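Here's a quick tour for anyone opening this structure for the first time.

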Amino acid sequence: MAGRINDEDVKAVRDAVPIDAVVSEYLQLRNAGGGNLKGLCPFHDEKSPSFQVSPSKGFFHCFGCQEGGDTITFVMKIDHLSFSEAVERLAGQAGITLRYEEGGYNPSHQRGERIRLVEAHKIAAEWYAEQLATSPEADTGRVFLAERGFDQAAAVHFGVGYSPQGWDHLTRFLRGKGFTDKEILLSGLAQEGRRGPIDRFRGRLMWPIRDIGGEVVGFGARKLYEADNGPKYLNTPDTAIYKKSHVLYGIDLAKKDIAKSSRAVVVEGYTDVMACHLAGVTTAIATCGTAFGGDHIKILRRLLMDNGSARVIFTFDGDAAGQKAALRAFEDDQKFAAETYIAIAPDGMDPCDLRLAKGDEAVADLVEPRTPLFEFALRQIVARYDLDTPAGRAAALDEAAPVVARIKNSGAQHEVAVQLAGMLGILDTQFVVKRVAQLARWARDRGGKGPAPDRHQQASQQYASAQPSAAPRGPALNLRNPVFATERELLKLALQRPELVSPAFDAYGADEFTAPPYAAVRMAIQDAGGAELGVADPQDYLVKVREAAPDDAVRAMVTELAVEAIMLRRAVDEPYAGAQLVTVRRRAVERRIRDITSQLTRLGTQGDPARLAAVQNELWVLQQYDQTLREHGAAAL
């Protein structure tokens, strides 16, 4: 059993280490007046700072959760240490040698477990760094770093090291420093082998992972040799001092600048953190082998103070995995009071590759032209749908609207809903705004579980059916509906009186017929040789059209249209046929104009000048053509 620490030494530690200096290692403190400081409490979630520190008295207190105490109490609670472990850590920082009432003079076996594990990691980090700097075997690691633009000074700054390829080099070194096999195994630096502990990391580049207080608590190890059958990156397993969801690589180096600038840049890897810091982006951090999540947010919130100007910028690869990571980050977006953004480098390069290819300025510029994370997430959703059709826009709305409805701030929710309408090209902005508000209300009524599925589907059908270009689908399709009357009439003319519509009819596309059965008949006519065949060979024309039909249903429709009376009491003539041709064409042009207008609305939110100009030109051409059809009729075909 460890002896009790001498009371005079405890007092000396308490007096030697200012409480504000210790607390500032974990959260941002600001002036609270009266000589006190305030910040967001690290022991419970809060939006407004109720955690206060009194440097003159050496105490802290949270008026929200009632936690309080002195410097030692704070360290015990924040790092889950025993009293002795907290005193030992602070004594080490202050350079105070502790005396013990029982058992003599602080032998290593009397120290707390956590202190022992932290000390083992500190010694291991120094040993790995020495191997990288001096070992001939580590040349592979030095080349790896050099190829990525990192020299020896950079390796020293970030504490990068090298683990030799042997089975137990580090294990034997730690034994020589007085650590037991049990401690070495508990630290995660070794694992059980057939004949005892063996090094967990062998033949790898080593990045020390530090907690927010600067203590080494784990390692990230990168594979260097093809013969290594392990994963590309191998991290320390969860231990008493290391939980991968509770640490951020680089936080020890970035925390002061994050607090000072109210900005954090989240990158994906250790070399990306290095590249950013060396390029002047000293607020860069990364997760350690896990997705960015709620516990990481808690760390940043304490540093950012959740003020209105705080910003968190995520840099993810432009590939599918990077996009997926960004969407995962967006799921936790509402846990931030800070504004969240995403930055993707040209050609999908990560910051390390970007620095190597284009220099430090390119890395610094990467995090400046930012896209709001919500906008990126919504664009990823809507990109999966065909926004040129009402059904596609409706389906995209169904998936995207619940995302917007999750935004808690009603003003921001309304603004994003308006932007969503622009992305989708839905001209009725209020329809989208009301839809989002309705979903938010349903979610509140159902305890945050979201809207009922049947109502959700109802809304998309409501939008799709309200659009003039939407073609009814399924068995309920009524082909004699007046909406399709002109299309039906034109097909009857093409089958019964092809000489009246040829050759203009043969230039019509299947997409100019909004009912799918009519589009299929149009394709059968085309595959048979067109209306021109009906003029040249009227005897075999219908037979060939029927043969060209893809199935019995289309053949039956061809027969039906070929024998059905044309809807004109007087003799059918060219003016009547021309009127049908013009009406079908004008409706197709009007649909295209609506789609182009929708595209312009979407492009207005994207800011691509070249694309915008091309679409505007297409719209102008269509409008001129529509006017010509109105003025000149069939002569304009």
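A residue counts as buried under 20% relative accessible area, as exposed over 50%, and as partly exposed in between. Glu113 has 45% relative accessibility, so it lands in the partly exposed group. Keep in mind that this is a predicted model. The protein chain has 637 residues, and 49% of them are buried.

**The chain overall**
- You'll find 28 helices and 16 strands in the protein chain.
- Take the contacts in the protein chain with a separation of 6 or more: 65% of them come from residues 24 or more positions apart.

**Around Glu113**
- Glu113 sits in helix 5.
- Setting aside neighbours within four places in sequence, Glu113 touches Glu85, Leu186 and Ala240.
- Glu113 and Leu186 are 73 residues apart along the chain, yet their C-alpha atoms are separated by 9.3 Å.

**Helix 8 and its buried side**
- Which residues of helix 8 (residues 169-176) are buried? They are Leu170, Thr171 and Leu174.
- These residues cover an arc of only 100° around the axis, so they are on the same side of helix 8.
- After helix 8 comes Gly178, with a positive phi near 95°.

- Four strands make an open sheet in the order 6-9-10-11, and the pairing is antiparallel.
- Strand 6 (161-163) and strand 11 (233-235) are at the edges with a single partner strand each, so one side of each has no neighbour in the sheet.
- From one strand to the next, the twist averages 35°.
- Strand 9 (residues 204-210) and strand 10 (residues 216-223) run antiparallel and are joined by 7 bridges.
- Leu205, for instance, has Arg222 in strand 10 as its bridge partner.
- Helix 6 (residues 139-147) lies across strand 9 and strand 10, at about 70° to strand 9.

**Helix 10 against helix 12**
- Helix 10 (residues 251-261) packs on helix 12 (residues 294-304) at an angle of about 40°, and their axes are 8 Å apart.
- The two helices, helix 10 and helix 12, are therefore oblique to each other.
- On the helix 10 side, the contact brings in Ile251, Lys255, Ile258 and Ala259; helix 12 supplies Ile299, Leu300, Leu303 and Leu304.
- Sorted by type, the residues of this contact between helix 10 and helix 12 come out as 7 nonpolar, no polar and 1 charged.

- Some background first: most residues other than glycine have a negative phi, and most peptide bonds are trans.
- Gln66 isn't a glycine, but has a positive phi of about 70°.
- Look for Gln66 in the loop between strand 4 (59-62) and strand 5 (68-70).
- Is Gln66 buried or exposed? With 52% relative accessibility, Gln66 counts as exposed.
- Ser262 also has a positive phi, near 55°, in a residue other than glycine.
- Ser262 is in the loop between helix 10 and strand 12 (263-267), and at 6% relative accessibility Ser262 counts as buried.
- The peptide bond from Ser502 to Pro503 is cis, with omega near 5°.
- Pro503 belongs to the loop between helix 22 (498-501) and helix 23 (516-528).

Methods: Residues are numbered from 1 along each chain as its sequence is written. This is a predicted model: local features need pLDDT of at least 70, side-chain atom pairs count only at pLDDT 80 or more; totals for chains, interfaces and linings use all residues. Side-chain values use heavy atoms; hydrogens and water are left out. Axes are lines fitted to C-alpha atoms, for helices over the stretch in contact, and angles run from 0 to 180 degrees between N-to-C directions. Angles under 35 degrees count as roughly parallel, over 145 as roughly antiparallel, 65 to 115 as roughly perpendicular and the rest as oblique. Contact means heavy atoms within 4.5 Å. Ala, Val, Leu, Ile, Met, Phe, Trp, Tyr, Cys and Pro count as nonpolar, Asp, Glu, Lys and Arg as charged, and the others, Gly among them, as polar. Buried means under 20% relative accessible area, exposed over 50%, partly exposed in between (1.4 Å probe, protein chains only). The arc is that of the directions from the helix axis to the C-beta atoms. Two strands pair if DSSP finds at least two bridges between them.
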